[in-house]
Structure formats: C-alpha cells, structure tokens
Amino acid sequence: MNNNLKSALLNSVGGGIDAIGYIALFGFFTAHVTGNLVVAGASWVEGDPGLWIKLLAIPVFIFTVFLCKLIIDRGAKVLQPNVLLSSIFLLEALLLSLFMLAGLYFTPFEGAGAGDLAATAFLGLAALAVRNTSGKTLLKDVAPSTVMTGNATSLGMELAEFFSTGKEKDRKELLKSFINVLTFVLGAFVGTLLYVKLGFWSVAFFVFIDLVLAYFAYQYQICPKPSGEGS
C-alpha cells in the first residue's frame, strides 16, 4: 500500500468520526480534541450543561495516549513491526466499535451534560487518541490524519513552492498534501451523510476501513519501522 492511499484511508476515518461525533454528541470533537476547549468557552458563557464533558476531554485524551504509548513501546520489544501496527489498528477498530454500540444503546441521550453522552464521547475520543499516538510513533512516514490545520498549511506552502519551481519533487509533495486535506473533507462529508441515514451505525463504515488497514499492515508491512527504537 503506497503512502498516498494509506494517508487517504487514515484521513477519511479521522474526518468521518469527527463529523459524526460533532453532530451526534452536541458539538463534541473526537478527533480535533483541542477544539473542545474552544467550544467549552462558548459552553461556559451560554451555561451549557455539557461543559464538564468538553473540559474532561483533554485529560481523558492524554491518559489514553499515555496507555497507548506504553503498549506500543512494550509491543515493539516482542512483536514484529507489521504485527504491532496491525494490533494498534485493531485496537482502534475495537474502540470505534464500542463507540458505535454505546451510541446505539444510549441514543437518544438524556442531555448535553449526561453521563451516557460522556461515556459514548470518551470511547470515540479514545479511538482517535490511539490514532494520534500511532501517528507519532508507528506511522511517522505519513502526515497527521486527525487535525488538518498543519496539513492545510503544508498544502499552501507546497503550492507556493511548486508555483515557484515547477520541480517534480515539489509536485509530488503538493499532491500528497492535497490528498491529505481532500480525503479528510470527503470523510467528513461521508460521515455526515451516513449518520443522517443510519445514525450510529454509520461508524461501522469507518471500523471497516480500520480493519482493512490492519489487514494490510499485517500482510504487507505498511509501517516503516517499529516504535520504541531509541525511546
């Protein structure tokens, strides 16, 4: 699996799950976790009962990253790189499946500040925390696939670079950044459309993509090298 296809699949999941979470969970971000701090400010001014959930998102995210990093570091000592990355994709798929099942079970939620909504939101958040951790460790050869600010900046810079030089290497970098941004947006659109039609069953589509990534990671070793080297 080449890097452009890998990035496209990763970004589509990031965009799709973030869109589903935002619509279904009263404006809660599962992928763009720092966005919850911005929304929390508005929630505080408006007296939104969901303020505590958005504030708690940051420590929950950090704690999940902490656990996932420990798993990756220990796994790197005993597992082949392809097995380790495949296992992390399966962990993400499991958490997304639990996110979907929680949403199906609890919907309609009792309210924006209800415990059932928090439990569902934090499962989705944990899944994308695992993604972010693998992106910093096992998938260093691809751009971040959950937050697009950096990728959109890269797209603008590489557009300027290609416009100035016209070199083939700059064209390839431009294409890579364009794919990153486009597939995240497409994932968000697909996630929105599926949620409107299917509710929380829409998450199953993105679980399937994670399973495809797990398969390719195991069969074709799509990760460049194990994490934990030198850590």
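## Salt bridges

A search through the whole structure turns up six salt bridges. Keep in mind that this is a predicted model. Side chains of opposite charge can pair when their charged atoms come close.

Asp73 makes a salt bridge with Lys69, and their closest N and O atoms sit 2.7 Å apart. Both residues belong to helix α3, which covers residues 51-78, and they are four residues apart, or about one turn of the helix. An α-helix has 3.6 residues a turn, so residues three or four places apart point the same way. How covered are the two partners? Asp73 has a relative accessibility of 19% and counts as buried, because the cut-off for buried is under 20%. Lys69, at 28% relative accessibility, counts as partly exposed.

Arg131 forms a salt bridge with Glu92, with 2.8 Å between the closest N and O atoms. This pair links distant parts of the chain, 39 residues apart: Arg131 is in helix α5 (residues 115-137) and Glu92 is in helix α4 (residues 81-106). Arg131 and Glu92 are both buried.

Arg131 also meets the side chain of Asp210 in a salt bridge, at 3.4 Å from N to O. Asp210 lies in helix α8 (residues 203-220) and Arg131 in helix α5, so this bridge ties together parts that are 79 residues apart in sequence. Asp210 is buried, with a relative accessible area of 0%, and Arg131 is buried too, with 2%.

## Helix α5

Helix α5, which carries Arg131, has 23 residues. From its first C-alpha to its last, α5 reaches 33 Å, close to the 33 Å expected at 1.5 Å a residue. How much of α5 is covered? Mostly covered is the answer, as 17 of its 23 residues are buried.

## Aromatic pairs

The structure holds nine aromatic pairs. A pair of aromatic rings is described by the distance of the centres and the angle of the planes. One of the pairs is Phe28 with Phe122, an edge-to-face arrangement with 6.2 Å from centre to centre and 65° between the planes. Here too, distant parts of the chain are linked: Phe28 is in the loop between α1 and α2, Phe122 is in helix α5, and 94 residues separate them.

What about Tyr195 and Phe200? Their ring centres are 5.9 Å apart and their planes are at 85°, so this pair is edge-to-face. Tyr195 is buried with a relative accessible area of 17%, and Phe200 counts as buried at 3% relative accessibility. Tyr195 and Phe200 also belong to an aromatic cluster that takes in Phe99 and Phe109.

## Backbone details in two loops

Which two residues does a cis peptide bond join? They are Thr107 and Pro108, with omega at about 0°. Pro108 is found in the loop between α4 and α5.

Phe26 is another spot to look at. Its phi is near 55°, a positive value in a residue other than glycine. Phe26 sits in the loop between α1 (3-24) and α2 (35-46). At 43% relative accessibility, Phe26 counts as partly exposed, because that value falls between the 20% and 50% cut-offs.

Which residues make the nonpolar surface patch of about 380 Å²? Phe63, Phe66, Leu67 and Leu70 do. Phe63 has its place in helix α3, the helix that also holds Asp73 and Lys69.

Last up is Asp170, which lies in helix α7 (residues 168-198). Is Asp170 buried or exposed? With a relative accessible area of 7%, Asp170 is buried. Leaving out residues up to four places away in sequence, Asp170 touches Glu161, Phe162 and Thr165.

Note on methods
Residues are numbered from 1 along each chain as its sequence is written. This is a predicted model: local features need pLDDT of at least 70, side-chain atom pairs count only at pLDDT 80 or more; totals for chains, interfaces and linings use all residues. Side-chain values use heavy atoms; hydrogens and water are left out. A salt bridge is a side-chain nitrogen of Lys or Arg within 4 Å of a carboxyl oxygen of Asp or Glu. Buried means under 20% relative accessible area, exposed over 50%, partly exposed in between (1.4 Å probe, protein chains only). Patches are made of residues with over 30% relative accessible area and no salt bridge: like charges are joined within 9 Å, nonpolar side chains (Val, Leu, Ile, Met, Phe, Trp, Tyr) within 5 Å. Accessible areas come from the Shrake-Rupley method with a 1.4 Å probe; for residues, only the protein chains shown count as cover. The expected span of a helix is 1.5 Å times one less than its number of residues. Rings of Phe, Tyr and Trp (its six-membered ring) pair if their centres lie within 6.5 Å; planes under 30 degrees apart count as stacked, over 60 as edge-to-face and the rest as tilted. Contact means heavy atoms within 4.5 Å.
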